[in-house]
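Please look over the sequence and the model shown here, and then follow the topics below.

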Amino acid sequence: MRRMTVSGEWRCPAARIPPGSTATFTLECGGRAVKGFVVNFEGRYGAWVNSCPHVGTPLDLWPNEFFTEDGRALICSTHGALYEPDTGLCTAGPCAGDRLTPLPLHVENDTLVVRCG
Ligand code: FES
């Protein structure tokens, strides 16, 4: 069985996440597992906790499926809330006006680095 190593930092070559794509990860934050995802929206990266502000479920019922079909928004697959990919603002649905929880993201030598908030 393959065991996944979880730490307080996630690194990934930026080239592996082209515009319009996402990647998921799990961070170990103060003894707690925090599931998150990175978004590349038109060349701009964002990192968010994978938890919908509505009732706290992951946004992606299908693993790593976050974008709407037109690629303009992120969508929660449970009740359809829509989010701006670069600000995390919920623009429609049961949690309109709320926001996804951001995670600190830095680019170091073409590598994305996400750490606990
Ligand atoms: S849990 Fe996301 S919209 Fe309800």
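Predicted model: local features only at pLDDT ≥ 70, side-chain atom pairs only at ≥ 80, totals over all residues.

A salt bridge is counted here when a side-chain nitrogen of Lys or Arg lies within 4 Å of a carboxyl oxygen of Asp or Glu. With that rule in hand, the reader can pick out a network of salt bridges that links Glu9, Arg11, Glu108 and Arg115.

**Salt bridges**

- Side chains of opposite charge can pair when their charged atoms come close.
- By the rule given above, the structure has a count of 6 salt bridges.
- Within the network that joins Glu9, Arg11, Glu108 and Arg115, one of the links runs between Glu9 and Arg11, whose closest N and O atoms are 2.8 Å apart.
- Glu9 counts as partly exposed because its relative accessibility is 30%, and Arg11 is likewise described as partly exposed, with a relative accessible area of 44%.
- Glu9 also meets the side chain of Arg115 in a salt bridge, with a distance of 2.8 Å from N to O; this pair links distant parts of the chain, since Arg115 belongs to strand E9 (residues 111–115) and Glu9 to strand E1 (residues 9–13), 106 residues apart.
- Arg115, for its part, counts as partly exposed at 29% relative accessibility.
- A further salt bridge is formed by Arg44 and Asp86, where the closest N and O atoms are 2.7 Å apart; because Arg44 lies in strand E4 (residues 44–49) while Asp86 lies in the loop between E6 and E7, the pair ties together parts that are 42 residues apart in sequence.
- Both ends of this pair are partly exposed, Arg44 having a relative accessible area of 41% and Asp86 one of 36%.

**Strands and their pairing**

- Strand E2 (residues 22–29) has 6 of its 8 residues buried, and it is therefore largely enclosed by the rest of the structure.
- Strand E2 pairs with strand E3 (residues 32–41) in the antiparallel sense, over 8 bridges, and within this pairing Thr24 stands opposite Phe37 in E3.
- The two strands E2 and E3 make up a hairpin with 2 residues between them, and Gly30 in the turn has a positive phi of about 60°.
- Strand E5 is joined to strand E6 (residues 82–83) by 2 bridges, the two strands running antiparallel, and Leu74 has Tyr83 as its bridge partner in E6.

**Aromatic pairs**

- A pair of aromatic rings is described by the distance of the centres and the angle of the planes.
- The structure holds 2 aromatic pairs, and one of them is the stacked pair of Trp10 and Phe25, which shows 4.7 Å centre to centre and 25° between the planes.
- This pair links distant parts of the chain, with Trp10 in strand E1 and Phe25 in strand E2, 15 residues apart, and both Trp10 and Phe25 are buried.
- Phe37 and Phe66 have ring centres 3.9 Å apart and planes at 10°, so this pair is stacked; as Phe37 lies in strand E3 and Phe66 in the loop between E4 and E5, the pair ties together parts that are 29 residues apart in sequence.
- Phe37 is buried, with a relative accessible area of 0%, and Phe66 counts as buried at 1% relative accessibility.

- Thr68 is found in the loop between E4 and E5, and with a relative accessible area of 18% Thr68 is buried, because buried here means under 20% relative accessible area.
- The side chain of Thr68 makes a polar contact of 2.7 Å with the side chain of Asp70.
- When residues up to four places away in sequence are not counted, Thr68 touches Ala73, Ile75 and Leu82.

Conventions. Residues numbered from 1 in each chain as written. Heavy atoms only, no water. Pairing = 2+ DSSP bridges. Helix = DSSP H or I, 4+ residues; strand = E, 2+ residues; numbered from the N terminus. Buried < 20%, exposed > 50% of the residue type's maximum accessible area, 1.4 Å probe, protein only. Phe/Tyr/Trp six-rings, centres within 6.5 Å; stacked < 30°, edge-to-face > 60°. Polar contact = N/O pair within 3.5 Å; in protein donor to acceptor, adjacent residues only side chain to side chain. Contact = heavy atoms within 4.5 Å.
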